[in-house]
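Reader: I have not seen this protein before. Please take me through it in a few questions.

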Amino acid sequence: MQISQITPAIAKLAPESLSDHELLVAISTRDQSAMEELFDRHQDKVYRFICRSFKDEGLAEDVTAETFCEVWRAAAATFKGQARVSTWLLAIARNLAISVLRRKSEQALDETQALNLEDGADNPEVAAAKKQRDAIVAHCLNSLSAPHRELIDFFYYQDKSLAEVAELIGIPVNTVKTRMFRARNLMEQMLKDFDIGRFDSLDQSSGEAWLPQSGAFARSASYEAHA
């Protein structure tokens, strides 16, 4: 569907009579009434999806608003028509939510690291070892491909179940299991190169234990329980 080909045709029609695809075409020409119609049709669906996926009503409200702002600013003009508009909107919302949570996580990590620096409980040698360990783990995580890194983030750091991860990413649960298995193995192999498998935990405060006998996350023991 080419925007330039159908814009004149839909310009004469009332927004409520247009399809979702046609509304996006109108929005790309800065049609405010078309934007309001799209928002009315899909705001509840976007809100419920984010609220259900991330269990955070405040996040859902913010992301819903930002999703439609994105559509108005530029996204409508980039729509390719390869998926349902509702699915496309949910994908935008999901990506925005992940970005928001990632920023919050990074901010919280920075604050935690600052507190750890001020904590005099550890002697300098222990503090240095922890700092080096955390840097290595972060390096290994960043070395994973984006899909594998996303799975680790959802499952271990955001405490999502396999079913929730599958819904968020939009792939079958069995595919999530396969990718998770691969991601864990990749992490284990990389960390073994740094002898990280002998550390008792990634972070005592987070409870994300790294078992010395296997080099796997402690939550791996409950992996099947999430399936």
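What follows is a short exchange on the overall fold and on one residue.

Author: This is a predicted model, in which local features need pLDDT of at least 70 and side-chain atom pairs count only at pLDDT 80 or more, while totals for chains, interfaces and linings use all residues. Residues are numbered from 1 along each chain as its sequence is written, and side-chain values use heavy atoms, with hydrogens and water left out.

Reader: How many helices and strands does the protein have?

Author: Helices (H or I, at least four residues) and strands (E, at least two) are DSSP runs, numbered from the N terminus. Along the sequence the pattern reads α-α-α-α-α-α-α-α-α-α. The count is ten helices and zero strands.

Reader: What share of the 227 residues counts as buried?

Author: Buried means under 20% relative accessible area, exposed over 50%, and partly exposed in between, with a 1.4 Å probe and protein chains only. In helix H2 (residues 20–28), the buried residues include Leu-23, Val-25 and Ile-27. For the protein, the buried share is 36%.

Reader: Is Ser-53 buried or exposed?

Author: Ser-53 lies in helix H3 (residues 32–54). Because its relative accessibility is 4%, Ser-53 counts as buried.

Reader: Which residues is Ser-53 in contact with, leaving aside its neighbours within four places in sequence?

Author: Contact means heavy atoms within 4.5 Å. Within helix H3, the side chain of Ser-53 reaches the backbone oxygen of Phe-49 at 2.7 Å. With neighbours within four places in sequence left aside, the contacts of Ser-53 are Lys-160 and Leu-168.

Notes
A polar contact is a pair of N or O atoms within 3.5 Å; within protein, one must be able to donate a hydrogen and the other to accept it, and residues adjacent in sequence count only if both atoms are side-chain atoms.
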